[in-house]
Amino acid sequence: MLSKLLKHEFRATARVMGPLYLVLLVLSLCANGSIRLLDNRTSAFLNIMGGLVLFLYGACIAAVCIITLVLMINRFRTNLLGDEGYVMFTLPASVHQQVWAKLIVSVVWFAASAVAVCLAALIAVFHVEYVAHMVVWAQQILQNITAYYAVNGTMMILETIVLCAVSAATCCLMFYAAMAIGHSFANHKTLLSVAFYVLFLVVLQVCGLTSAFNCNFDLHIAGAAAIHAFMGMSIAASAVTGAIFYVITTQMLKKHLNLE
Amino acid sequence: MENLENKDLTAGQADLTAENGAEPEIAPVFPEREAAAGGSPILECRDLSKSFGGTPALNHITLSVMRGRIVGLLGPNGSGKTTLIKLANGLLTPSEGVILIDGQAPNKESRTKVSYLPDRTCLPTWMTAVQLLDFYQDFYADFRRDAAEEMLTHLNIRLNQTIKQMSKGTREKVQLIMVMSRAARLYLLDEPIGGVDPATRDYILSTIISNYNPDAAVVISTHLIADVEKVLDDVIFINQGQLVLQSSVDQIREEKGMSVDALFREVFKC
């Protein structure tokens with residue numbers, strides 16, 4: 001059932017993200033042309049047009065980031081907590097499957113948007129030599145990290161990817177939990193959702209600062225091991241936070257669902 | 001199907017005509033359903049209560065709905081009809097008591113047996129009719145796609161038309177078509193004829209009668225009694241969250257000598 005939910009969730013979101021990536025690709029190509037044009041400085045008109053294209057390109061990158069976030073919030077709100085919830089919550093699927101479907105798709109779009117923005121930057125400045133240089137730089141950075149800091153470079157990259165994925169999921173779950181609580185009230189659902197989100201942020205900040213000041217670990221580790229330990233603890237802390245928000249979300253949807 | 005529909009509606013109307021005279025006709029209007037009725041109830045409420053912040057919406061309701069029956073869940077606005085249907089779908093959790101679908105509490109398994117029409121149109125508006133068909137076919141093994149496509153074609157709805165492009169009335173019909181195209185065990189229809197014109201009411205009622213699974217129970221929640229009376233086997237009256245009456249339509253006509261509509265007006269007289 002989860003695979004079917006994922007299929008339809010991707011279908012619902014791809015109709016927004018697909019065209020957006022297409023526009024970003026076109027603007028990246030145009031930006032590439034504009035950069036070359038601005039280099040030549042042939043005429044004032046062409047310079048203005050080139051500048052305008054670069055502005056649109058920047059705006060599109062910002063739009064991709066913002067829309068990815070807004071889409072994640074809006075899909076949860078309209079598809080599960082709005083009128084469409086009458087269809088979704090009467091499907092032969094559990095609340096857990098509904099939340100996982102939303103979560104997985106959102107994290108995939110976060111990753112896709114990050115890749116799209118990086119590719120857009122590469123396309124805009126594309127030059128065969130730059131790309132060749134970048135590959136060499138990446139290899140050198142990896143080698144230097146491994147050699148100088150004695151850190152397992154590959155492991156470090158893997159840990160970073162896992163941390164990004166878990167943090168993205170936790171970010172989504174924090175929004176979900178705030179909306180699930182906010183929409184359980186009879187009135188002012190959106191306002192209360194925002195209020196609970198702010199409350200979660202404050203609580204997380206307080207917990208984070210308190211644990212940082214009171215942290216008195218004496219693990220007798222240093223250098224590379226300390227970096228790996230720090231990454232591991234960050235991943236674990238993010239996962240625990242995400243798990244708390246997951247429980248809040250699913251329990252609210254199971255016990256206190258209050259569809260509009 | 002068409003013949004059954006005409007036969008049923010005509011028979012229902014004959015009953016109503018008889019009731020205005022001396023002797024109401026008691027012969028079973030739907031012989032297939034009479035045969036299917038019996039066994040364990042498909043929907044059962046035991047001492048069921050639901051409160052919203054201290055305000056009771058349902059108050060210790062005990063009732064059962066048998067298979068093969070078309071049941072009218074009747075009551076004035078705010079009587080608790082929608083709450084009861086939401087509880088049966090697991091959209092709300094009971095404050096007290098239990099509600100059972102085919103012997104089990106509402107869960108993802110029970111949802112394979114229940115086809116639910118909410119009291120509002122809630123189809124995703126970005127979907128086209130064909131995407132909606134895909135959606136229902138994917139999630140419900142009992143979805144009869146050919147029947148749904150036939151009804152959509154009958155209404156001249158293009159399959160590539162989005163829900164957003166349809167009028168409010170067409171959206172309601174499309175939603176009903178999706179719900180009635182399932183071979184479910186229990187159909188829960190919340191206000192299926194509320195807020196639509198008389199011609200659409202006829203279309204909706206004939207779609208329900210023509211397409212439901214005869215072994216299944218149909219619960220129709222409404223306060224427009226006169227329009228649905230002709231298709232009902234049983235009625236449940238609820239008011240202010242309490243069960244007022246559960247009876248067969250024939251019994252009401254025999255014992256009270258009046259139509260369900262007349263009895264409703266008498267019971268809920270302001």
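Predicted model: local features only at pLDDT ≥ 70, side-chain atom pairs only at ≥ 80, totals over all residues.
1. The contact between the chains involves 17 residues of chain A and 16 residues of chain B. On the chain A side, helix 1 (2-40) and helix 3 (85-88) each contribute at least two residues, and the largest share, four residues, belongs to helix 1 of chain A.

2. In chain B, six strands make up an open sheet with mixed pairing, and their order is 5-6-7-3-8-9. Strand 5 (114-117) and strand 9 (242-248) of chain B are at the edges and have a single partner strand each, so one side of each lacks a neighbour in the sheet. On average, and with direction ignored, neighbouring strands of this sheet are turned by 15° against each other.

3. Two helices of chain B deserve a comment. Helix 3 (residues 81-88) of chain B packs on the sheet, where it touches strand 3 (70-74), strand 6, strand 7 (217-222) and strand 8 (234-239) of chain B, and its direction makes about 145° with that of strand 6 of chain B. Helix 9 (residues 249-256) of chain B, for its part, lies across strand 8 and strand 9 of chain B and runs at about 90° to strand 9 of chain B.

Technical notes. Residues numbered from 1 in each chain as written. Chains lettered and ligands numbered in written order. Contact = placed C-beta atoms within 7 Å. Pairing = 2+ DSSP bridges. Axes fitted to C-alpha atoms, helices over the stretch in contact; angles between N-to-C directions.
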